[in-house]
Amino acid sequence: MGLTAAEVAASRERHGRNVLTPPAKTPLWRKFLGKFNDALIIILLVAGLLSVGISCYEYFGLHEGARVWFEPVGIFIAILLATGLSFIFETKAEREFEVLNRVADEEPVQVMRDGRPCMVPKSDVVVGDIVFLATGQEIPADGTLLEAVAMSVDESSLTGEPICCKTTDERLFDSEATYASNMVLRGTKVMEGHGVMRVASVGDHTENGKVHTEAQIDDGKRTPLDQQFDRLGRVIAWNSYAIGGLIVVGRIVVWFALHNEADSGLTDLITYLLQSLMIAVTLVVCSVPEGLPMAVTLSLAYSMRRMLKTNNLVRKMHACETMGATTVICTDKTGTLTQNRMRVMEVVEGGGGTLNGVEGGSPILYECMACNSTAMLDADGQPIGNPTEGALLLWLKERGQDYSTLRQGARRIAEQPFNTERKYMSVTVMSAVTGKETRYVKGAPEIVAQMCGCEVPAVVAEWQAKAMRTLAFAVDGQWLACCAISDPVREDVPAAVAECRGAGIEIKIVTGDTPGTAREIARQIALLSPEEADNQESMQSKIITGPEFAALSDDELTERVADIRIIARARPMDKKRLVEALQRRGEVVAVTGDGTNDAPALKAAHVGLSMGDGTAVAKEASDITIIDNSFASIGRAVMWGRSLYQNIQRFIMFQMTINVVACLVVLAGAFMDTTSPLSVTQMLWVNLIMDTFAAMALASLPPNEAVMGDRPRSRKAFIINLPMMKNIVGVGILFAALLLLLLYRMEHVESTDIIDLFTASATGHCHPSRHELTIFFTIFVMLQFWNMFNARAFATGRSALHLHGCRWFVIIASLILFGQIAIVELVPDFFGVEPLRLYEWLIIILATSPVLLIGELLRIRTGVNGSK
């Protein structure tokens, strides 16, 4: 009878419509404001506000010119560039990922209502509806089968299982199946046969809907790089505040040590205190690396584009770097480790030789395979229908046999479809090979052997031990052949798995397949050694089924999760729970997947990696899409991530050295009663323009394959490691000492050029001339320029002069050098400098070059260069 109109309305009122609730979209303005949550951006905002305070005092209190506003304006420009670039790149990536193939909720479905069949839109299907299912139809909702005739369903989008036999006969239920044999699910597809179902759940309440809902939940996970920058921001902030406070206290002590009440009044003390506060605020501003957020954004954006060339389409910028911190990869099997394409691996005809080469095979076997099948090949040669039967047609095609021609040449007389009880199918034809009425049988080897009165060949047991599907063929009651069919492992997967494991990354398989199939795939990709795969006792701790996994409490799972390598017969939410258990143990987790069932785990992971031919839901939930569906591309993403992290470290080391030098010069000047020799516009040139170019130069360095020999870094490790800290402090103090000596010389020598500066005799105290301050500024920049080459060589294992593959580094370094020359020679007034003579440029460049040369000698001495 089906439901009446009143019952349909009541069901829809109670259970809702058969549609999936779309994810709530975050407004663009909120996405943009979210970029200001970065720790370094917050520090820049504080520095900008302090700088505004300084500028207000200088402009309104000291009546200085509009030039005093350059620094706060520059800082806020840096903030807008860093946040704006990140926002633009991610928004662009989001648009590239917009799902174009939305499920059509208006697709017609045949149902029984008011005692007669009718067609209704899929969105109108309600709980309790009787739905008719036909071959090729996508199932509109979850339900229980009332009838099933030779029915098989592709559940790969939910479980990874490409073909599941469905039946209403409880005796034939598969006890190991992920879902009951009489249950069909929304979003899966009828591959063979037909049936009738009663709808049990619709919309968000279906298994597909639950996955869709979970995939929208933002768990608020923070990337390792976020955590690193939070810590770096705290270190910079507290150190700068502490030093600023010490300056104020120290200068007060100096004041009272050098003055007495008779020599000075309260007004002088207040003026001195205000000057001390201004110096302290200036130091805080100088200590903030204004260019760092923009530099990191540029590095991530550059890597985003470069990774696209290695088939990694990055959707979220931080995923570039997070891949380098990954400690565990959770992957599905079908379509990721395997080709998701059933193939005939071996054929044995009669008692004769193997037919897995291009030669061999009898005409009668060809006709048997072609005629005793319901599958077809499309115009592109891809199977339509049962994947196992499609594999047989592909095998025929590889041998130059056209299945359609073979079918047309053999007139069909009768057929007996396959079912799970008989475990075979047969067809009777007027054979073009035998010239007479011939009956072909295809089915389970043990059943066909029993029908033929013969023994099953020993090779069948060998195939089954390798978790291959086996079929046997017979003609008129005589054994004809047997074959092994499987979804083969992608050719590049074993090497890619070995590369990841060699890099200290654990691999875990989560699949809807049987434990035996999963174990065999793990053996083929060398995730399990042959000894481990054959050791049943060892396998008990390494392989777990979905029901066993679900029975574990969270505490038990957290304790066992490190030992688990395979979850078989997994349900959609098992992978997400696995990811969360690993994250509780402090692991950085990447997840690969191509099905709708993978979406919640892709969303929950630190990095979600969807496959290029995966479902729209999987891609939407992921951070990176592997365009070529190759697991090998994941190894390249790890290499890029680790190399990017090193590039960011190099830039931090480079810029923090500049800030240490600037802070030490300001700090020394605070107690020497000397004004800063570097103007605001000069520091902005260094911190924003020069440093941005330096970031681009260091980000353009090619990835270093040597990083794949390292273990994943600890999440607790500070981004500035001990060698970096020694370099920053040591080089910073050295440069500051050299610059302060130079400044002292300028205050005691009257010179007209650089030669006079170093050769003239000292006179009394004098204020440095504009020409001398130009020399000071240029030497300061050139020291950093040569130090950029040292930063480029940091942790590479090579000389800084090893520039193979570093074309962009050389180009950008040249731009920095010529940019410095240009601002001095072309716009001197804006930067408070004056042009230098050619020989002065040559002397400064040569005089500062020992920074690189000494760096090279130190690398040789410590064996960093080695044989490279």
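Two strands count as paired if DSSP finds at least two bridges between them; strands (E, at least two residues) and helices (H or I, at least four) are DSSP runs, numbered from the N terminus. This is a predicted model, where local features need pLDDT of at least 70, side-chain atom pairs count only at pLDDT 80 or more, and totals for chains, interfaces and linings use all residues. Residues are numbered from 1 along each chain as its sequence is written, and side-chain values use heavy atoms, leaving out hydrogens and water.

View 1. Five bridges hold β13 and β14 (residues 424–430) together in an antiparallel pair.

**View 2. The six-stranded open sheet.** Reading across, the order is β10-β17-β16-β15-β14-β13, with antiparallel pairing. β10 and β13 (411–416) are the edges and have a single partner strand each, so one side of each has no neighbour in the sheet.

**View 3. Strand β17 and its partners.** β10 (343–349) joins β17 through six antiparallel bridges, with Arg343 partnering Ser486. β16 (469–475) joins β17 through seven, also antiparallel, and Arg469 faces Ile485 there.
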